[in-house]
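Please open the structure in your viewer and keep the selection tool at hand. The tour starts at a single residue and widens from there.

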Amino acid sequence: MHHAVRDDRLWFHRHPAAVVRFRASTQGEFDPLTQHGETPPAFRPSGSRAGAPLNWVAVVDLLQLLGSNSEWPNDPGVRLRLQTPAIPLAAHQRAAKQELMDAVAAELLVQAKGTDTGEQHKPEEQATGRETPDVMAA
């Protein structure tokens, strides 16, 4: 396990009510994806510069977002890691956090509806307009 994943796990255990964590990215944390030819998921807050480097990471605790946290002390949880530009100011982080939580929740709803009806969203399908730009789920 990459040390960044372990650090995130510890951070969320120390902050059990937190849903999103912003932090600087660490060397190699997305290597497993890139080694398989995948592009790491990314999130660009609406207030960020289009060309800003994606050198930070937003970590979303999906169970906490859904309001279902585990009582198990060693539960690894379910977390989504996304590359994002640096967001150093607390006020900007609060706005980006809300925007990110809304986007992830909307994507989860779209996926849940597709699963409930037996319709899986296929990568080759055209965008439906319901997707949030600059957010990719992994």
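Select Asp8 first: apart from neighbours within four places in sequence, Asp8 is in contact with Arg21, Arg23, Val59 and Arg81, where contact means heavy atoms within 4.5 Å. This is a predicted model, in which local features need pLDDT of at least 70 and side-chain atom pairs count only at pLDDT 80 or more, while totals for chains, interfaces and linings use all residues. Residues are numbered from 1 along each chain as its sequence is written, and side-chain values use heavy atoms, with hydrogens and water left out.

Now show the element around Asp8, which lies in helix 1 (residues 3-14); helices (H or I, at least four residues) and strands (E, at least two) are DSSP runs, numbered from the N terminus. Is Asp8 buried or exposed? Asp8 is buried, with a relative accessible area of 0%, buried being under 20% and exposed over 50%, with partly exposed in between (1.4 Å probe, protein chains only).

Next, select strand 1 (residues 20-24), which is largely enclosed by the rest of the structure, because four of its five residues are buried.

Finally, display the whole protein, whose four helices and three strands run α-β-α-β-α-β-α from the N terminus on. Of its 138 residues, 30% are buried.
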